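The sequence and structure are shown first.

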Amino acid sequence: MVVYEHGANHFAPVLVHRAPLTEWTHLALVYRAGRPVLYVNGELAREGVSSGFTVHPGRVAGSGFKGGCSDFLQKDGVLARADLERWLAAGPPKVLKSVLPVIALERRGREGGVEAVVSEAGRYELQWTDGGSAAFEATELPAAVALAGPWRVRFRDGRGAPDVIELPVLQSLTEWPLEAVRYYSGTAVYERSFEMSPERLDPSLRYYLDLGEVASIAEVRVNGVELGVYWKPPYVVELTDILVPGDNRLEVSVTSTWRNRLIGDAKHPAGLPGAEGAPFQTYLTADIGISPNETPAPYGLLGPVTLQGARVIPVPRP
């Protein structure tokens with residue numbers, strides 16, 4: 001963690017603390033007499049350099065950070081020990097049920113009507129800029145459906161991995177026992193089917209596929225229809241016009257970099273143990289310094305994969 005002071009012609013790291021972060025970690029930053037003080041899980045971790053400026057708080061997400069993060073709580077005045085203990089006792093933040101916005105407004109037709117796309121049940125009230133208001137309720141929203149295992153995973157021919165494996169649950173391919181899978185690089189295709197009953201395909205409902213976590217790039221196909229490439233979170237795809245009653249076929253092609261395979265080649269220069277077919281060897285025109293002791297990066301569809309629903313409600317105008 002780094003605390004910077006940022007102003008006109010001034011950008012200084014006044015506190016730097018390096019520590020392993022595993023699971024949920026509570027961070028608290030306190031300014032005392034112009035000096036930043038960092039607490040990690042309620043314990044004093046580091047005191048920074050005193051500032052000669054009047055400090056106003058702000059936050060910039062660090063590049064390369066992967067993981068969950070709750071909203072930052074800003075508190076004026078003195079941070080008491082009781083405050084830290086209360087926040088620690090509350091535990092990690094609740095995981096959101098959906099990555100969809102709770103409510104989104106859209107224009108409807110040439111008449112300029114408005115529709116609300118609502119993903120959480122409840123009563124809503126909108127205030128118009130002309131002073132008017134509108135109230136409505138969203139009820140009977142479809143429950144999120146987890147698309148759990150098993151998943152069928154296909155690999156490209158000639159890379160040493162088996163043609164197909166079956167994952168009981170989604171996990172990084174680097175956790176698979178066979179090294180030809182653990183160090184596989186390129187594109188792997190995840191396949192499974194899911195059912196949609198006719199009553200769930202109500203015209204007033206919209207459906208979205210949330211892939212959860214992906215490492216690193218995903219291409220989605222449902223019922224043979226290409227739905228695009230997704231390279232950053234949230235990995236969410238609308239399926240409303242694609243779904244059919246009964247069986248629906250889902251394919252997610254996940255592509256990685258070559259790094260994991262290069263680690264495997266460095267570790268096993270004579271070929272990956274358990275590899276199928278003729279030996280496959282990667283070649284580089286430059287030495288990028290890959291060590292056989294490096295840890296492979298997570299790779300694959302990590303999930304959880306869920307089907308999320310929202311209801312479209314016309315908003316009354318006065």
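## Overall composition

A residue counts as buried when its relative accessible area is under 20%. In this predicted model, buried residues account for 37% of the 318 residues in the chain. The secondary structure consists of 3 helices and 21 strands.

Of the contacts between residues at least 6 apart in sequence, 62% join residues at least 24 apart.

Strands pair in a sheet through backbone hydrogen bonds, in either a parallel or an antiparallel sense. Here, 6 strands form an open sheet in the order E12-E11-E13-E19-E16-E17, and their pairing is antiparallel. E12 and E17 are the edge strands, each pairing on one side only. From one strand to the next, the twist averages 20°.

Within the sheet, E13 and E19 form an antiparallel pair over 10 bridges. Thr187 stands opposite Thr255, which belongs to E19.

## Nonpolar cores

The largest nonpolar core comprises 38 residues, and Tyr190, Leu211 and Leu301 have the most contacts inside it. Strands that each supply at least two residues of this core include E11 (151-155), E13 (187-196), E14 (205-210) and E19 (246-255). E13 gives the most, with 4 residues.

Leaving aside residues up to four places away in sequence, Leu211 touches Ala218, Val220, Tyr235, Val252, Leu301, Gly303, Pro304 and Val305. A second, separate core has 12 residues, among them Leu126, Phe136, Ala138 and Val315.

## Aromatic pairs

The structure holds 5 aromatic pairs. In one of them, the ring centres of Phe155 and Tyr184 lie 4.8 Å apart with their planes at 70°, so the pair is edge-to-face. Phe155 is in strand E11, whereas Tyr184 is in the loop between helix H2 (179-182) and E13; the pair thus links distant parts of the chain, 29 residues apart. Both Phe155 and Tyr184 are buried.

Tyr184 also forms a stacked pair with Tyr299, at 6.4 Å centre to centre and with 15° between the planes. Because Tyr184 lies in the loop between H2 and E13 and Tyr299 in the loop between helix H3 (259-267) and strand E20 (300-303), this pair ties together parts that are 115 residues apart in sequence. Tyr184 and Tyr299 are both buried. Ring pairs link Phe155, Tyr184 and Tyr299 into a cluster.

How values were computed
Residues numbered from 1 in each chain as written. Predicted model: local features only at pLDDT ≥ 70, side-chain atom pairs only at ≥ 80, totals over all residues. Heavy atoms only, no water. Core = buried A, V, L, I, M, F, W, Y, C linked by side-chain atoms within 4.5 Å. Buried < 20%, exposed > 50% of the residue type's maximum accessible area, 1.4 Å probe, protein only. Contact = heavy atoms within 4.5 Å. Pairing = 2+ DSSP bridges. Axes fitted to C-alpha atoms, helices over the stretch in contact; angles between N-to-C directions. Phe/Tyr/Trp six-rings, centres within 6.5 Å; stacked < 30°, edge-to-face > 60°.
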